[in-house]
Amino acid sequence: MSLSVFEAAAGAPDEIALVVGGASVTFRELAEGCARRLASIRRGTHGAGADDLVALVGASDRATLETVYALVTMGRPLLLLHPRLTETERAAVVELIRPARVISPEPEPSAVAAAGSPFARVPDARCLAVLMTSGTTGQPKGVVLSRRAFLASARASEKNLRLGRGDRWLLGLPIAHVGGLSILTRSLLARSAVVVPREIARGARLDADALARAIDEERVTLASLVPTQLEWLLSRDPPWRAPSHLRAVLLGGAAARPVLLARAADRGVPVLTTYGLTEACSQVTTQIVGTVNRGELGSGPPLAGVEVRVVDGVIEVRGPTLFDGYVPAPDGSVFSGDGWFTTNDLGRLDASGNLHVLGRRSELVITGGENVHPAEVEAVVEQCPGVSAA
């Protein structure tokens, strides 16, 4: 399978591709919308090369999602700008990365789609997206991710999640982040649905009630959440119970406190802790489906095809999901001679192969000649009576 909405529509025309604000869109309808947008994009970027970067704000409304799918199908590399950046911040990113075009999706494209919407196979080595990250340095930089990396990440994730037709994955993360964009690419390959809550589609923020309502009413089977969002769900009044159709909640983006994981396990929420980074096209390690983790199992084992090692306490990653480099390009290679990428995260591997992330290297405290990881101290403090969070 390729990352083409037309190929998906040919093989699964009546499967639901998107649920945006409660309205369902089949793959056939999505392909028709993308065909119109492709015609409009080609008209607006006439003379641009196939490898020229196109920038747009990564919102989650239908017009933007159709445009993203169209550009991915076309093979045009994307620079996705975070929707919450100010105009000044967006201008700074554009100045740093220098895309060939900055486009704004039309609410209803006026261009007429070409008959049959032909598409050519796009080389897997071509860049799919440049996503911004600041890492631990605070200096923004673009992470260049190929189509090959997204395909490898999707295949590795599918071996664990068994994503397929009938699944409905909640899009509660910005598509300008690799975790959000990966939901689109994985669901496209699996011919499954992406569910966008009404609030997200309107550009508003989710709250606990909106998140619970989207999961319950749209029969979400998979959700990618950050710990704060899980905390919302578990703190709702009246208490929220995970519905039977929700088979996995991937929890990442920040350290998950053991006390939070224990609460989720007690409530029957099927949480799978995960560790990932933009440079590895999202997930690196994830708990195996069906695992009940009360905080003692870390972030799970590496995904299929991904290698993880810890050298002098620092996590290193190798595999086909890794990025191609940064923009602007640094002096020298970011990879070792045998292909390992050194992260700025500290961790350890237990006897079962689970990765335990201990925090950022920059957060390490050295006192009395001993290394102290703040996350481990916080975990102990949270066991004290009267402490809900540290």
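Predicted model: local features only at pLDDT ≥ 70, side-chain atom pairs only at ≥ 80, totals over all residues.
Residues are numbered from 1 along each chain as its sequence is written, and side-chain values use heavy atoms, with hydrogens and water left out. Helices (H or I, at least four residues) and strands (E, at least two) are DSSP runs numbered from the N terminus.

Strands of a sheet pair through backbone hydrogen bonds, either parallel or antiparallel. Here two strands are taken to pair if DSSP finds at least two bridges between them. An open sheet of six strands has the order β5-β3-β4-β6-β7-β16, with mixed pairing. Strand β3 (residues 54-57) runs parallel to β5, and two bridges join them; V54 is positioned opposite R101 in β5. Helix α3 (residues 62-74) lies across β3, β4 (78-81) and β6 (127-133) and runs at about 160° to β3. For this and the other angles, axes are lines fitted to C-alpha atoms, for helices over the stretch in contact, and angles run from 0 to 180 degrees between N-to-C directions.

A further open sheet comprises four strands in the order β14-β15-β17-β18, with antiparallel pairing. Strands β14 (307-311) and β18 (355-360) form its edges, each pairing on one side only. From one strand to the next, the twist averages 50°. Within this sheet, three bridges connect β15 (residues 314-318) with β17 (residues 341-349) in the antiparallel sense, and E316 faces T342 of β17 across the pairing.

In residue classes, Ala, Val, Leu, Ile, Met, Phe, Trp, Tyr, Cys and Pro count as nonpolar, Asp, Glu, Lys and Arg as charged, and the others, Gly among them, as polar.

Helix α5 (residues 147-161) packs against helix α6 (residues 178-190) at an angle of about 70°, with the axes 10 Å apart; the two helices are therefore roughly perpendicular to each other. On the α5 side the contact involves F150, L151, S153, A154 and S157, which meet L181, S182, T185, R186 and L189 of α6. These residues divide into five nonpolar, four polar and one charged.

The axes of helix α8 (residues 208-217) and helix α9 (residues 227-234) come within 9 Å and cross at roughly 85°, so α8 and α9 are also roughly perpendicular to each other. Residues A208, L211, A212 and I215 of α8 make the contact with Q229, W232 and L233 of α9. Six of the contact residues are nonpolar and one is polar, with no charged residue.

Helix α9 also packs with helix α10 (residues 258-267), at an angle of about 45° and with the axes 11 Å apart. This angle makes α9 oblique to α10. The crossing of α9 past α10 is left-handed, a crossing being left-handed if the near helix is turned anticlockwise from the far one by less than a right angle, and right-handed if clockwise. P227, L230, E231, L233 and L234 of α9 meet L260, R263, A264 and R267 of α10. This contact contains six nonpolar, no polar and three charged residues.

Rings of Phe, Tyr and Trp (its six-membered ring) were paired if their centres lie within 6.5 Å; planes under 30 degrees apart count as stacked, over 60 as edge-to-face and the rest as tilted. Four aromatic pairs were found in the whole structure. One of them, F323 with F335, is tilted, with 5.3 Å centre to centre and 55° between the planes. F323 lies in the loop between β15 and β16 (325-327) and F335 in the loop between β16 and β17, 12 residues apart, and the pair thus links distant parts of the chain.

Most residues other than glycine have a negative phi, and most peptide bonds are trans. The peptide bond from D237 to P238 is cis, with omega near 5°; P238 is situated in the loop between α9 and β11 (248-251). Another cis peptide bond runs from V327 to P328, with omega near -5°, and P328 belongs to the loop between β16 and β17. R162, although not a glycine, has a positive phi of about 55° and is located in the loop between α5 and β8 (168-170).

Notes:
Parallel < 35°, antiparallel > 145°, perpendicular 65-115°, else oblique. Contact = heavy atoms within 4.5 Å.
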